[in-house]
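Please open the model in your viewer and keep the sequence panel beside it. The stops below can be selected one after another.

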Amino acid sequence: MADMTDGILPGQAIAKLVDDGVIRLERPLADRQIQPASLDLRLGTRAYRMRASFLPGQGRTVESRVDDLKLHEIDLTEGAVLETGCVYLVPLLEHLDLPHGLAALTNPKSSTGRLDVFTRVIADGGRAFDSVPDGYTGALWAEVSPRTFPVLVRTGSRLTQLRFRQGHAILTAEETAALQASDRLVDTNEPDLRDGISVTIDLAGLGPDGLVGYRAKRHTGVIDVDRVAGYAVDDFWEAVHVKKRQLVLDPGEFYILASNEAVHVPPGYAAEMVPFDPLVGEFRVHYAGFFDPGFGHTASGGHGSRAVLEVRSHEVPFIVEHGQTVGRLVYERLNAPSETLYGETLGSNYQAQKLKLSKHFRAD
(Lines give C-alpha, C1' and ligand atoms only; values in the text may rest on other atoms or scores of the structure.)
Protein backbone atom coordinates (compact mmCIF):
# COMPACT_ATOMS: atom_id res chain seq x y z
CA MET A 1 0.00 0.00 0.00
CA ALA A 2 3.03 2.29 0.13
CA ASP A 3 2.37 3.72 -3.34
CA MET A 4 -1.22 4.70 -2.48
CA THR A 5 -2.20 8.23 -1.52
CA ASP A 6 -4.01 8.92 1.75
CA GLY A 7 -7.78 8.71 1.76
CA ILE A 8 -10.86 6.50 1.82
CA LEU A 9 -10.74 3.73 -0.78
CA PRO A 10 -13.37 3.94 -3.56
CA GLY A 11 -15.45 1.00 -4.73
CA GLN A 12 -13.13 -0.11 -7.52
CA ALA A 13 -10.22 -0.29 -5.06
CA ILE A 14 -12.37 -2.42 -2.75
CA ALA A 15 -13.07 -4.78 -5.66
CA LYS A 16 -9.32 -5.11 -6.20
CA LEU A 17 -8.86 -5.97 -2.51
CA VAL A 18 -11.26 -8.87 -3.09
CA ASP A 19 -9.32 -9.98 -6.17
CA ASP A 20 -6.01 -9.75 -4.26
CA GLY A 21 -7.29 -11.76 -1.29
CA VAL A 22 -7.10 -8.88 1.17
CA ILE A 23 -10.84 -9.39 1.64
CA ARG A 24 -11.50 -13.12 1.91
CA LEU A 25 -15.04 -14.30 1.23
CA GLU A 26 -16.79 -17.43 2.44
CA ARG A 27 -19.28 -16.93 -0.41
CA PRO A 28 -18.97 -14.99 -3.70
CA LEU A 29 -19.80 -11.29 -3.70
CA ALA A 30 -23.49 -10.50 -3.80
CA ASP A 31 -25.11 -8.02 -6.19
CA ARG A 32 -24.29 -4.41 -5.25
CA GLN A 33 -22.38 -5.51 -2.18
CA ILE A 34 -19.63 -3.03 -3.09
CA GLN A 35 -20.90 0.54 -2.72
CA PRO A 36 -19.23 3.75 -4.01
CA ALA A 37 -16.87 3.87 -0.99
CA SER A 38 -17.87 0.98 1.25
CA LEU A 39 -18.47 -2.76 1.42
CA ASP A 40 -21.64 -4.31 2.81
CA LEU A 41 -20.91 -7.05 5.33
CA ARG A 42 -23.05 -10.20 5.36
CA LEU A 43 -24.26 -12.34 8.24
CA GLY A 44 -22.90 -15.89 8.35
CA THR A 45 -24.64 -19.20 8.94
CA ARG A 46 -25.15 -19.05 12.70
CA ALA A 47 -25.88 -16.64 15.51
CA TYR A 48 -25.15 -16.94 19.20
CA ARG A 49 -27.53 -15.56 21.81
CA MET A 50 -25.16 -13.97 24.32
CA ARG A 51 -25.46 -13.13 28.00
CA ALA A 52 -23.77 -9.78 27.45
CA SER A 53 -21.82 -7.64 25.05
CA PHE A 54 -18.04 -7.78 25.32
CA LEU A 55 -14.73 -6.88 23.74
CA PRO A 56 -12.12 -9.67 23.46
CA GLY A 57 -9.15 -7.53 24.46
CA GLN A 58 -5.57 -7.71 23.28
CA GLY A 59 -4.30 -11.18 22.43
CA ARG A 60 -7.70 -12.91 22.54
CA THR A 61 -10.04 -13.96 19.74
CA VAL A 62 -13.77 -13.33 19.70
CA GLU A 63 -14.43 -17.05 19.29
CA SER A 64 -12.49 -17.85 22.46
CA ARG A 65 -15.08 -15.89 24.47
CA VAL A 66 -18.17 -17.37 22.85
CA ASP A 67 -18.37 -20.62 24.84
CA ASP A 68 -18.21 -18.74 28.14
CA LEU A 69 -20.93 -16.23 27.27
CA LYS A 70 -23.35 -17.89 24.84
CA LEU A 71 -26.80 -19.01 25.92
CA HIS A 72 -27.63 -20.94 22.76
CA GLU A 73 -26.82 -21.19 19.05
CA ILE A 74 -29.23 -20.33 16.21
CA ASP A 75 -29.12 -21.58 12.61
CA LEU A 76 -29.49 -18.67 10.16
CA THR A 77 -29.42 -20.65 6.91
CA GLU A 78 -33.23 -20.74 6.66
CA GLY A 79 -33.77 -17.49 8.56
CA ALA A 80 -34.40 -16.80 12.23
CA VAL A 81 -36.05 -14.10 14.35
CA LEU A 82 -33.82 -11.96 16.59
CA GLU A 83 -35.85 -10.74 19.56
CA THR A 84 -35.80 -7.24 21.03
CA GLY A 85 -33.68 -6.64 24.10
CA CYS A 86 -31.37 -9.57 23.35
CA VAL A 87 -27.71 -9.54 22.32
CA TYR A 88 -26.61 -11.76 19.44
CA LEU A 89 -23.15 -12.43 18.03
CA VAL A 90 -22.87 -13.43 14.37
CA PRO A 91 -19.70 -14.38 12.45
CA LEU A 92 -19.59 -12.55 9.12
CA LEU A 93 -18.92 -14.00 5.68
CA GLU A 94 -16.06 -11.54 5.11
CA HIS A 95 -12.57 -11.92 6.61
CA LEU A 96 -9.67 -9.48 6.33
CA ASP A 97 -5.96 -9.81 5.70
CA LEU A 98 -4.99 -6.13 5.81
CA PRO A 99 -1.52 -4.91 4.87
CA HIS A 100 0.22 -2.45 7.16
CA GLY A 101 -0.97 1.09 6.49
CA LEU A 102 -4.54 0.10 5.60
CA ALA A 103 -7.17 0.21 8.37
CA ALA A 104 -10.93 -0.27 8.33
CA LEU A 105 -13.92 1.21 10.13
CA THR A 106 -17.50 -0.02 10.25
CA ASN A 107 -20.97 1.38 10.80
CA PRO A 108 -24.59 0.17 10.62
CA LYS A 109 -26.25 0.53 7.23
CA SER A 110 -28.87 3.27 6.96
CA SER A 111 -31.74 0.79 6.81
CA THR A 112 -30.45 -0.94 9.93
CA GLY A 113 -30.35 2.26 11.95
CA ARG A 114 -33.82 3.28 10.83
CA LEU A 115 -35.17 0.00 12.26
CA ASP A 116 -33.51 0.73 15.62
CA VAL A 117 -31.33 -2.35 15.33
CA PHE A 118 -28.20 -1.64 17.33
CA THR A 119 -25.25 -3.34 15.66
CA ARG A 120 -21.47 -3.02 15.68
CA VAL A 121 -18.50 -5.03 14.47
CA ILE A 122 -15.90 -6.78 16.63
CA ALA A 123 -12.47 -7.98 15.53
CA ASP A 124 -10.09 -10.36 17.29
CA GLY A 125 -7.97 -8.61 19.89
CA GLY A 126 -10.28 -5.62 19.68
CA ARG A 127 -10.35 -3.00 22.42
CA ALA A 128 -12.89 -0.84 20.56
CA PHE A 129 -15.97 -1.55 18.48
CA ASP A 130 -16.26 -0.70 14.77
CA SER A 131 -12.51 -0.25 14.34
CA VAL A 132 -10.14 -2.66 12.57
CA PRO A 133 -6.46 -1.72 12.87
CA ASP A 134 -4.03 -1.72 9.97
CA GLY A 135 -2.34 -5.07 9.43
CA TYR A 136 -5.26 -7.01 10.94
CA THR A 137 -5.70 -10.63 9.87
CA GLY A 138 -8.74 -12.57 10.97
CA ALA A 139 -12.49 -12.88 11.18
CA LEU A 140 -15.12 -10.22 11.71
CA TRP A 141 -18.17 -10.58 13.95
CA ALA A 142 -21.36 -8.54 14.19
CA GLU A 143 -23.00 -7.83 17.53
CA VAL A 144 -26.72 -7.35 16.87
CA SER A 145 -29.35 -6.16 19.34
CA PRO A 146 -32.83 -5.19 18.06
CA ARG A 147 -34.16 -2.40 20.27
CA THR A 148 -37.74 -1.82 19.07
CA PHE A 149 -38.81 -4.32 16.40
CA PRO A 150 -38.04 -8.06 16.28
CA VAL A 151 -36.29 -8.75 12.98
CA LEU A 152 -36.01 -11.74 10.69
CA VAL A 153 -32.49 -12.25 9.35
CA ARG A 154 -30.73 -14.97 7.40
CA THR A 155 -27.33 -15.90 6.03
CA GLY A 156 -26.33 -13.09 3.67
CA SER A 157 -28.42 -10.35 5.31
CA ARG A 158 -26.55 -7.04 5.34
CA LEU A 159 -26.75 -4.98 8.51
CA THR A 160 -23.34 -3.29 8.56
CA GLN A 161 -20.88 -1.74 6.13
CA LEU A 162 -17.13 -1.27 6.11
CA ARG A 163 -14.77 1.41 4.81
CA PHE A 164 -11.04 1.27 4.23
CA ARG A 165 -8.77 4.18 5.13
CA GLN A 166 -5.21 4.71 3.97
CA GLY A 167 -3.33 7.19 6.14
CA HIS A 168 -5.00 10.46 7.13
CA ALA A 169 -8.19 11.37 5.26
CA ILE A 170 -10.19 13.78 7.45
CA LEU A 171 -10.42 17.35 6.15
CA THR A 172 -9.15 20.18 8.31
CA ALA A 173 -11.46 23.04 9.28
CA GLU A 174 -9.89 25.18 6.56
CA GLU A 175 -10.37 22.46 3.93
CA THR A 176 -13.99 21.94 5.02
CA ALA A 177 -14.66 25.67 4.76
CA ALA A 178 -13.16 25.77 1.28
CA LEU A 179 -15.28 22.80 0.19
CA GLN A 180 -18.42 24.41 1.63
CA ALA A 181 -17.64 27.55 -0.37
CA SER A 182 -17.03 25.67 -3.62
CA ASP A 183 -19.54 22.79 -3.41
CA ARG A 184 -22.08 23.86 -0.77
CA LEU A 185 -22.00 20.88 1.58
CA VAL A 186 -25.09 22.11 3.43
CA ASP A 187 -27.60 24.67 2.20
CA THR A 188 -27.02 27.24 4.92
CA ASN A 189 -24.97 30.38 4.43
CA GLU A 190 -22.91 30.33 7.63
CA PRO A 191 -22.76 26.79 9.06
CA ASP A 192 -20.81 26.01 12.19
CA LEU A 193 -17.51 24.48 10.98
CA ARG A 194 -16.03 23.49 14.32
CA ASP A 195 -14.86 19.85 14.18
CA GLY A 196 -16.79 19.18 10.99
CA ILE A 197 -19.91 20.82 9.64
CA SER A 198 -22.91 21.17 11.93
CA VAL A 199 -26.27 19.50 11.28
CA THR A 200 -29.43 20.78 12.95
CA ILE A 201 -32.88 19.30 13.46
CA ASP A 202 -36.03 20.24 11.51
CA LEU A 203 -39.02 20.77 13.81
CA ALA A 204 -40.75 23.38 11.66
CA GLY A 205 -42.79 20.68 9.98
CA LEU A 206 -42.64 19.36 6.43
CA GLY A 207 -46.26 20.16 5.63
CA PRO A 208 -49.35 22.08 6.76
CA ASP A 209 -50.17 19.43 9.37
CA GLY A 210 -46.88 19.95 11.20
CA LEU A 211 -45.49 16.49 10.49
CA VAL A 212 -41.89 16.32 11.74
CA GLY A 213 -41.24 12.62 12.12
CA TYR A 214 -42.32 9.22 13.36
CA ARG A 215 -42.27 7.45 16.72
CA ALA A 216 -41.95 3.67 16.74
CA LYS A 217 -44.81 1.61 18.11
CA ARG A 218 -44.25 -1.11 20.69
CA HIS A 219 -45.27 -4.77 20.45
CA THR A 220 -45.37 -4.93 16.66
CA GLY A 221 -44.93 -7.77 14.24
CA VAL A 222 -41.62 -9.02 12.87
CA ILE A 223 -39.74 -7.13 10.12
CA ASP A 224 -37.82 -9.13 7.53
CA VAL A 225 -34.67 -7.08 6.95
CA ASP A 226 -34.42 -8.30 3.34
CA ARG A 227 -38.01 -7.43 2.38
CA VAL A 228 -38.34 -4.09 0.57
CA ALA A 229 -41.59 -2.09 0.66
CA GLY A 230 -43.31 -4.95 2.43
CA TYR A 231 -44.91 -3.24 5.41
CA ALA A 232 -47.55 -0.59 6.07
CA VAL A 233 -46.27 2.43 7.97
CA ASP A 234 -49.25 2.56 10.34
CA ASP A 235 -48.55 -0.94 11.64
CA PHE A 236 -45.19 0.12 13.05
CA TRP A 237 -45.10 3.91 13.39
CA GLU A 238 -47.04 6.85 14.81
CA ALA A 239 -46.78 10.19 13.03
CA VAL A 240 -45.32 12.99 15.16
CA HIS A 241 -46.78 16.50 14.74
CA VAL A 242 -45.68 19.67 16.52
CA LYS A 243 -47.04 23.21 16.69
CA LYS A 244 -44.38 25.10 18.66
CA ARG A 245 -41.27 23.95 16.77
CA GLN A 246 -40.15 21.80 19.66
CA LEU A 247 -40.54 18.18 20.66
CA VAL A 248 -40.32 16.36 24.00
CA LEU A 249 -38.43 13.10 23.55
CA ASP A 250 -39.86 10.46 25.86
CA PRO A 251 -37.30 8.19 27.54
CA GLY A 252 -36.80 4.86 25.79
CA GLU A 253 -38.80 5.84 22.71
CA PHE A 254 -37.33 5.74 19.21
CA TYR A 255 -37.91 8.55 16.69
CA ILE A 256 -37.21 9.14 13.02
CA LEU A 257 -36.65 12.86 12.34
CA ALA A 258 -34.89 14.86 9.63
CA SER A 259 -32.15 17.43 9.39
CA ASN A 260 -33.00 21.05 8.72
CA GLU A 261 -30.25 21.20 6.10
CA ALA A 262 -29.99 19.53 2.74
CA VAL A 263 -26.69 17.65 2.73
CA HIS A 264 -24.31 17.22 -0.19
CA VAL A 265 -21.34 14.84 -0.46
CA PRO A 266 -19.43 15.78 -3.63
CA PRO A 267 -17.66 13.21 -5.79
CA GLY A 268 -14.20 12.64 -4.43
CA TYR A 269 -15.34 12.76 -0.81
CA ALA A 270 -17.19 10.71 1.79
CA ALA A 271 -18.73 11.83 5.08
CA GLU A 272 -19.65 10.43 8.45
CA MET A 273 -22.18 11.66 11.01
CA VAL A 274 -20.62 11.86 14.47
CA PRO A 275 -21.94 13.10 17.84
CA PHE A 276 -22.00 16.88 18.20
CA ASP A 277 -20.75 17.07 21.77
CA PRO A 278 -20.18 14.26 24.29
CA LEU A 279 -21.41 16.60 27.02
CA VAL A 280 -24.85 16.74 25.36
CA GLY A 281 -25.66 13.31 26.67
CA GLU A 282 -29.44 13.22 27.09
CA PHE A 283 -30.15 11.75 23.67
CA ARG A 284 -28.41 9.85 20.90
CA VAL A 285 -28.70 10.82 17.24
CA HIS A 286 -27.96 8.75 14.16
CA TYR A 287 -26.93 5.14 14.55
CA ALA A 288 -25.88 4.82 10.91
CA GLY A 289 -23.35 7.43 9.95
CA PHE A 290 -21.75 6.76 6.53
CA PHE A 291 -22.57 9.00 3.56
CA ASP A 292 -21.16 7.74 0.25
CA PRO A 293 -19.79 10.04 -2.47
CA GLY A 294 -22.68 11.40 -4.52
CA PHE A 295 -25.22 11.58 -1.66
CA GLY A 296 -27.31 14.66 -2.38
CA HIS A 297 -25.31 15.37 -5.56
CA THR A 298 -27.39 16.91 -8.34
CA ALA A 299 -25.71 14.97 -11.14
CA SER A 300 -26.71 11.65 -9.52
CA GLY A 301 -30.29 12.63 -8.73
CA GLY A 302 -29.82 14.12 -5.29
CA HIS A 303 -30.46 17.88 -5.54
CA GLY A 304 -29.49 18.03 -1.88
CA SER A 305 -30.82 15.32 0.44
CA ARG A 306 -31.85 15.63 4.07
CA ALA A 307 -30.00 13.57 6.64
CA VAL A 308 -32.49 11.32 8.39
CA LEU A 309 -31.90 11.25 12.14
CA GLU A 310 -32.47 8.19 14.29
CA VAL A 311 -33.08 9.63 17.74
CA ARG A 312 -33.41 8.00 21.16
CA SER A 313 -33.62 9.79 24.49
CA HIS A 314 -31.89 8.34 27.55
CA GLU A 315 -33.10 8.41 31.14
CA VAL A 316 -35.22 11.58 31.29
CA PRO A 317 -37.61 13.46 28.96
CA PHE A 318 -35.63 15.90 26.85
CA ILE A 319 -36.80 18.86 24.76
CA VAL A 320 -35.28 19.45 21.34
CA GLU A 321 -36.05 22.63 19.40
CA HIS A 322 -36.06 23.54 15.74
CA GLY A 323 -32.58 24.41 14.54
CA GLN A 324 -30.81 22.77 17.48
CA THR A 325 -27.47 21.25 16.54
CA VAL A 326 -27.66 17.47 16.84
CA GLY A 327 -24.62 16.18 14.99
CA ARG A 328 -21.58 16.93 12.88
CA LEU A 329 -20.67 15.80 9.39
CA VAL A 330 -16.98 15.01 9.12
CA TYR A 331 -15.76 14.91 5.53
CA GLU A 332 -12.94 12.72 4.27
CA ARG A 333 -11.26 12.67 0.90
CA LEU A 334 -11.17 9.59 -1.30
CA ASN A 335 -7.71 8.48 -2.36
CA ALA A 336 -8.98 8.16 -5.96
CA PRO A 337 -12.21 9.15 -7.75
CA SER A 338 -14.97 6.58 -7.36
CA GLU A 339 -16.22 5.01 -10.58
CA THR A 340 -19.77 5.01 -9.16
CA LEU A 341 -21.75 7.54 -7.14
CA TYR A 342 -24.58 7.12 -4.70
CA GLY A 343 -27.78 7.76 -6.58
CA GLU A 344 -30.25 6.70 -9.21
CA THR A 345 -27.98 4.47 -11.32
CA LEU A 346 -27.32 2.27 -8.27
CA GLY A 347 -30.94 2.15 -7.19
CA SER A 348 -29.98 3.90 -3.93
CA ASN A 349 -32.91 3.99 -1.55
CA TYR A 350 -32.32 7.35 0.13
CA GLN A 351 -31.19 9.72 -2.61
CA ALA A 352 -33.20 12.99 -2.69
CA GLN A 353 -34.86 12.00 0.59
CA LYS A 354 -36.64 14.37 2.94
CA LEU A 355 -38.27 12.62 5.88
CA LYS A 356 -38.11 8.94 5.02
CA LEU A 357 -38.47 5.68 6.88
CA SER A 358 -36.38 2.64 5.98
CA LYS A 359 -36.81 0.86 2.65
CA HIS A 360 -38.93 -1.81 4.34
CA PHE A 361 -42.03 0.40 4.47
CA ARG A 362 -44.37 1.24 1.61
CA ALA A 363 -44.35 4.84 0.47
CA ASP A 364 -48.15 5.09 0.71
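Begin by selecting Ala80 together with Val153, which stands opposite Ala80 in strand E12. Before going further, note that this is a predicted model, in which local features need pLDDT of at least 70 and side-chain atom pairs count only at pLDDT 80 or more, while totals for chains, interfaces and linings use all residues. Residues are numbered from 1 along each chain as its sequence is written, and side-chain values use heavy atoms, with hydrogens and water left out.

**Helix H1**

Next, select residues 11-19, helix H1, and colour Gly11, Ala13, Ile14, Leu17 and Val18, which are buried (under 20% relative accessible area, where exposed is over 50% and partly exposed in between, with a 1.4 Å probe and protein chains only). Looking down the axis of H1, you will find that the buried residues line one face of the helix, because they fall within an arc of 160°, the arc being that of the directions from the helix axis to the C-beta atoms. These buried residues pack against E2, E3, strand E8 (102-108) and strand E13 (158-166), contact meaning heavy atoms within 4.5 Å. After H1 comes Gly21, which has a positive phi, near 80°.

**The loop with Ala30**

Move on to Ala30, in the loop that lies between strand E2 (23-25) and strand E3 (39-42). Is Ala30 buried, partly exposed or exposed? Ala30 is partly exposed, because its relative accessible area is 29%. Leaving aside residues up to four places away in sequence, Ala30 touches Arg42 and Arg158. If you draw a C-alpha to C-alpha distance from Ala30 to Tyr331, the two are 28 Å apart in space and 301 residues apart in sequence.

**The four-stranded sheet**

Finally, select residues 269-275 (strand E20) and 325-333 (strand E25), which pair in the antiparallel sense over seven bridges. Within this pairing, Tyr269 has Arg333 of E25 as its bridge partner. Widening the view shows an open sheet of four strands with antiparallel pairing, in the order E14-E25-E20-E22. Here the edge strands are E14 (197-200) and E22 (290-291), each of which pairs on one side only.

Definitions and conventions: Pairing = 2+ DSSP bridges. Helix = DSSP H or I, 4+ residues; strand = E, 2+ residues; numbered from the N terminus.
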